[in-house]
Amino acid sequence: MSPDSPDGDYPLWHPFTQMARFEREPQLVVAQAEGNRLIDTAGNEYVDGVASLWANVHGHSHPHIVAAIQEQAARLQHSTLLGITHEPAIELARRLLPHLPGRSRVFFSENGASAVEVALKMAVQYQANRGRPERNRIAALDMAYHGDTLGAVSAGGEGSFRDVYEPLLFEPLRFANAYRYRCDRCAAVPACTDACVDTLRDLLETRGDEIAAVIIEPRVQGAAGMIVAPDGHIAAVRALCDEYDTLLIADEVATGFGKTGAMFACDLEGVTPDITVLGKGITGGYLPLSATVTTEEVYEAFHGEEGRKLFHGHTYAGNPICCAAALASLDLFESEDVLARVRERAELLGDLLAERIADHPLVGEVRRQGLMTGIELVADTATREPLPPEREAGWRVCLAARDRGVFIRPLGDVIVLMPPLSIEEDELAQICEAVAYGLDRVSRG
Ligand SMILES: *Cc1c(COP(=O)(O)O)cnc(C)c1O
């Protein structure tokens, strides 16, 4: 069976992939990865422009993380956290918390969606345990993405991620997101009016006593198309949650671990959420692990009689090898000034985008927070008219970029760039060159 020419033999069913298309297209079979590059079975190298789906932080095959994984695997590969404990999980919680001021408890799972589910269950049970069971609804942003399990999809936005599964889902109360490029409220005026935040105020005013928690993707709504909220948005949501006495859940699965230029997006505005969800980059992008981190106040509501406990837990939650990888990743954050380098690289990325990409006739908007970048393609930059989906422009730009040695993956007609924090200057230039090349190819037809 050759993966280069898939035939009836090909046994995999890929996530979020139309297999009919997959079978038609040239395939990238990754054999190895080093630094910020993926290497395929034919020996071709590709700059990893999306950090292996927003997870990789310090580059691939980093000797410090590899050694930590090997050592931990030889000592204790797995033991449960259901009622007993182990040192890698304890140490990881201790080492994470100083990066999360105001928070004191860490609940581990294995992926972002699960950690979101935990946050939603915690919020509803927190209210019930405090004698407010009628506060059992979740308020969520329009176009939100919180993962693919049913609770996480429920909290997510409308559209194809959701429609077919609707009978299995709960319905959140929605409020407007800060999508300035396509915002009816303030696209026409020079500065953002924060009118989207007023929709949350209205919701809390009318239905606040039904709402257990407000969930947001702070600063950047990733899967929605790298939509960057204006400075002050997180703090405004926090203030409303305080005013109406409801919990704030910050889903930092995409934004966490440096990609925004701060360790966590909430740090950009000095906000402490009641519940913080971490995933993707937590192990440096090496192994599956996630965490739901809470304040002492949230934790306290579960403390006491048997029936108050959180009814949740996965078999591999807090797996020691995953924790060891996460600890090694934190070592690197603490021993090298990673965030300073990210801010420097992000500035260079901004310059490259302005020089090579922003003025291209297919490009409606370039938006960016730190290294998290969205390039929204449009049919007409004046009217902002979207491209016809059947043109598959985003996908074709990314496919063309492979010919220039860059791997990227779009979100519809938004080209996403989210390289590892360890990306080098010449690699950033290569990514932008490849996108510019892809744009030219696609505009030629
Ligand atoms: C990716 C993502 C998730 C889901 O994480 P998985 O590990 O894929 O389950 C949740 N929330 C946000 C904001 C994400 O970007």
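What follows is a short walk through a predicted model, from a sheet to some aromatic rings.

Start by selecting Val 29, which is in the loop between α1 (19-24) and β1 (30-34). With a relative accessible area of 22%, Val 29 is partly exposed.

Now show β1 together with its sheet. This is an open sheet of four strands with mixed pairing, in the order β1-β2-β3-β15. β1 and β2 (residues 37-40) run antiparallel and are joined by four bridges.

Next come the rings: the whole structure holds five aromatic pairs. Select Tyr 10 and Phe 22, whose ring centres are 5.6 Å apart with planes at 35°, so this pair is tilted. Tyr 10 is in the segment before α1 and Phe 22 in helix α1, so the pair ties together parts twelve residues apart in sequence. Both Tyr 10 and Phe 22 are buried.

Move on to Phe 257 and Phe 333, a tilted pair at 6.4 Å centre to centre and 50° between the planes. Phe 257 is buried at 2% relative accessible area, and Phe 333 counts as buried at 9%.

For a cluster, select Phe 16, Tyr 145 and Phe 161.

Which ring does the charged end of Arg 105 sit over? Select Tyr 299: the charged end is 3.8 Å from its ring centre. Finish at Arg 404, whose charged end sits over the ring of Tyr 437, 3.8 Å from the centre.

Definitions and conventions:
Residues are numbered from 1 along each chain as its sequence is written. This is a predicted model: local features need pLDDT of at least 70, side-chain atom pairs count only at pLDDT 80 or more; totals for chains, interfaces and linings use all residues. Side-chain values use heavy atoms; hydrogens and water are left out. Helices (H or I, at least four residues) and strands (E, at least two) are DSSP runs, numbered from the N terminus. Buried means under 20% relative accessible area, exposed over 50%, partly exposed in between (1.4 Å probe, protein chains only). Two strands pair if DSSP finds at least two bridges between them. Rings of Phe, Tyr and Trp (its six-membered ring) pair if their centres lie within 6.5 Å; planes under 30 degrees apart count as stacked, over 60 as edge-to-face and the rest as tilted. A charge sits over a ring if NZ of Lys or CZ of Arg is within 6 Å of the ring centre and within 35 degrees of the ring normal.
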